[in-house]
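Trainee: I would like to learn how to read a model like this one, feature by feature. Where do we begin?

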Amino acid sequence: MSGGRALPSLAERLGYAPDAKLLIVNCDDLGSSRAANVAIYEALRDGVATSATLMVPCPWARDAAAMYRGEDVGVHLTLNSEWETYRWGPITHSPSLLDGDGGFPRTVEDVWDHADLDEVRKECRAQVERAIYWGFDVSHLDSHMGTLQLRPEFFDVYSEIAIQFALPLRMAPGAAERLIGFPYRQLAEQEGIVFPDHFVYTSVGSRRHIEKALFGLRPGVTEVYVHAAIDSDELRASHPDWASRVEDYAFVTADASLVDLIERAGATLIGFRELRDLQRASQRAPA
């Protein structure tokens, strides 16, 4: 309506000023290795990380559950097993989600080409249910390697699971919608799903990307993420990018320059739990 007040921003809905800069620092791949578990919980408890996501099908996910003390942890919905010698597979009977080597497919394209969507739906639901059964107070969902985010039919499953469990989502940047080919942010918003305003894509070894994002941090909620792991023989044997994961660990646990950058950016650290509580409160509110 002309002259009408604009709808409140996500920051305002969370109880902050309209121009507040809110930052989520997420640690991906909890449960992927013992090295990741140790690093991520240290980053959450003593570093600057505010959230993490659990890879339920991975061999070290139960260890992550045993270490859990109520931190802000979501589920990293997993349909891929990308490493050559270290593999994992579905927790449900889902033949279309297996490659010839007996684990999840290594590539996103392989999943897209061969996965049965009903089996995708069943597997994703089971991963969230398993995390809840293990005692996690699940705070949000995201998608390992972006498999569920980048194709419309898979995004439908992604949003269905978010609606079913009343959980916010990691969302690709709005600027990528034209490239990907469908308006995923609008679709999620129409369903009442909450998600950060801005998402900063990083590769493993995220320092440069995060520093650049903090120098130009915009108002609203921004999610950045790292892949933290301590140095170990296990990590070196299983992950070819192990050195960058160790760098990420140092960056979010022991690097005073990151704390200084966050302060200079005027950012307030938050987790996904605040977004989840907002989403659930909005869904309970009368129309």
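Predicted model: local features only at pLDDT ≥ 70, side-chain atom pairs only at ≥ 80, totals over all residues.

Trainee: What is the phi of A166?

Mentor: A166 has a positive phi of about 55°, and A166 is not a glycine.

Trainee: Which residues of α6 are buried?

Mentor: They are F154, F155, V157, Y158, S159, I161, A162 and F165.

Trainee: What does R121 touch?

Mentor: R121 is found in helix α5. Setting aside residues up to four places away in sequence, R121 touches V157, E160 and I161. V157 and I161 are among the buried residues of α6. The side chain of R121 also makes a polar contact, at 2.9 Å, with the side chain of D118.

Trainee: Now the strands. In which sense do β2 and β3 pair, parallel or antiparallel?

Mentor: For a strand pair, look at the sense and at the number of bridges. Strand β2 (residues 51-54) pairs with β3 in the parallel sense, over 3 bridges. In that pair A52 stands opposite V73 of β3. Strand β4 (residues 141-143) also pairs with β3 in the parallel sense, again over 3 bridges. There L77 is placed opposite S143 of β4. As for burial, β3 (residues 73-77) is mostly covered, with 5 of its 5 residues buried.

Trainee: Which helix makes a β-α-β unit with β2 and β3, and what is the handedness?

Mentor: Helix α3 (residues 61-67) makes the unit with β2 and β3, and the unit is right-handed.

Trainee: How many aromatic pairs are there?

Mentor: Ring pairs are read from the distance between ring centres and the angle between ring planes. The count comes to 7 aromatic pairs. In one of them, the rings of Y68 and F136 have centres 4.5 Å apart and planes at 45°, so the pair is tilted. Tilted is the class between stacked, under 30 degrees, and edge-to-face, over 60. Y68 is in the loop between α3 and β3, and F136 is in the loop between α5 and β4, so the pair ties together parts that are 68 residues apart in sequence. Y68 counts as buried at 15% relative accessibility, and F136 counts as buried at 5%.

Trainee: Which residues form an aromatic cluster?

Mentor: F155, Y158, F182 and Y184 form one. F155 and Y158 are among the buried residues of α6.

Trainee: What is the phi of D29, and where is D29 placed?

Mentor: Phi of D29 is near 75°, a positive value in a residue other than glycine. D29 is placed in strand β1 (residues 21-30). With a relative accessible area of 4%, D29 is buried.

Trainee: Which residue has a side chain joined to that of D29 by a polar contact?

Mentor: That residue is R245, and the polar contact is 3.1 Å. Not counting residues up to four places away in sequence, D29 touches residues including T53, M55, H76, H144 and H227.

Trainee: Last, T78. Which residue has a backbone oxygen close to a polar atom of its side chain?

Mentor: The backbone oxygen belongs to H76 and lies 2.5 Å from a polar atom of the T78 side chain. T78 is found in the loop between β3 and α4, and at 0% relative accessibility T78 counts as buried. Leaving aside neighbours within four places in sequence, T78 is in contact with M55, P57, W88, F104, Q127 and H144.

Methods. Residues numbered from 1 in each chain as written. Heavy atoms only, no water. Buried < 20%, exposed > 50% of the residue type's maximum accessible area, 1.4 Å probe, protein only. Helix = DSSP H or I, 4+ residues; strand = E, 2+ residues; numbered from the N terminus. Pairing = 2+ DSSP bridges. Right-handed = clockwise from strand over helix to strand, strands pointing away. Polar contact = N/O pair within 3.5 Å; in protein donor to acceptor, adjacent residues only side chain to side chain. Contact = heavy atoms within 4.5 Å. Phe/Tyr/Trp six-rings, centres within 6.5 Å; stacked < 30°, edge-to-face > 60°.
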